[in-house]
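Subject: Model handover

Dear colleague,

Could you look through them when you have time?

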Amino acid sequence: MVVANQKGGVGKTTSTVNVAAGLAQLGQRVLVIDLDPQGNASTALSVPHHRGVPSTYDMLVEGSPLADVVTESPDLPGLWVVPATIDLAGAEIELVSVVARENRLNRAIEAHPLVGRAEDVGDDRFDYVFIDCPPSLGLLTLNALVAGREMFIPIQAEYYALEGLGQLLETVEMVRQHLNPRLVVSTILLTMYDARTRLAAGVAEEVRGHFGDEVLKTAVPRSVRVSEAPSYGQTVMTYDPASPGALSYLEAAREIASKGAPA
């Protein structure tokens, strides 16, 4: 699942780490690939991501196998992470001259022994792979879109929410036509939802009218706990499991798990 939205501040990384943590708590085996040079997903999952740590940069630019750059999250059994270091900021430039540069991530994921169907790989396989993209439509996000089967788009319940979405969907359509015909937009999650405002209800109605069943029934409310958790190197699922934000993300994870993969 590619978690993407080129608009910054919509809760993309927050949704990635908390839904992944929720799925791990529900007994799924989850891999999170941090593709954002800021490394915020790595921070929230308390995985080291300083220079020199094996990371997504080594996998994309140096060609290291995915198995060599994966590390298990110390807080959550069943959750693995490929951290992002600041080196990734230069990866877009370094990859420009590489042959089949948009396919590097796809090849690395496909080559991992625990990625694939259960009958081929066994019960130890990863049930979910989440790719957390940077807030842009550059070469890193393109690698994610070529590697992905499903798109998971967090949308902020605010006025500008739908503005950048058209551009993202155009890019997805181009990728589908030319590079990855199996990619589908399967999951939309409303974040930072304030049920007291008419605006949030209006945005939610518009998003549901546009995307129908792809929009999860659960909307994640604005929550101080969700924002605080990364400063303690945690997801809100371990930081404050009883908070409204944690319960909403757990419910969203449950919805994703019960929905299953698109046919």
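A pocket here is an open set of points on a 1 Å grid over the protein atoms alone, where a 1.4 Å probe fits, with protein on both sides within 12 Å along at least five of seven lines; lining residues have an atom within 4 Å of a point. Points are joined across faces, edges and corners, and a volume is the space filled by probe spheres set on them. This is a predicted model, in which local features need pLDDT of at least 70 and side-chain atom pairs count only at pLDDT 80 or more, while totals for chains, interfaces and linings use all residues. Residues are numbered from 1 along each chain as its sequence is written, and side-chain values use heavy atoms, with hydrogens and water left out.

The largest pocket has a volume of about 770 Å³. It is lined by 28 residues, and Arg-125, Asp-127, Arg-149, Glu-150 and Ala-261 are the closest to its centre. Two or more lining residues come from each of helix H5 (104-110), strand S5 (128-132), strand S7 (184-191) and helix H12 (244-259). Helices (H or I, at least four residues) and strands (E, at least two) are DSSP runs, numbered from the N terminus. The lining has 13 nonpolar, seven polar and eight charged residues; Asp, Glu, Lys and Arg count as charged, Ala, Val, Leu, Ile, Met, Phe, Trp, Tyr, Cys and Pro as nonpolar, and the others, Gly among them, as polar.

The second largest pocket holds about 470 Å³. Of its 31 lining residues, Gly-11, Lys-12, Thr-13, Thr-14 and Met-192 lie nearest the centre. Helix H1 (12-25) gives the most to this lining, five residues. By class, the lining has 13 nonpolar, 14 polar and four charged residues.

Seven strands form an open, mixed sheet in the order S3-S4-S2-S5-S1-S6-S7; strands pair if DSSP finds at least two bridges between them. The edge strands are S3 (71-72) and S7. S6 (residues 150-156) runs parallel to S7, joined by seven bridges, and Gln-156 has Thr-191 of S7 as its bridge partner.

H8 lies across S6 and S7, at about 175° to S6 (axes are lines fitted to C-alpha atoms, for helices over the stretch in contact, with angles from 0 to 180 degrees between N-to-C directions). Thr-171 is in H8 (residues 165-178) and touches Leu-137 and Leu-145, leaving aside residues up to four places away in sequence; contact means heavy atoms within 4.5 Å.

Regards
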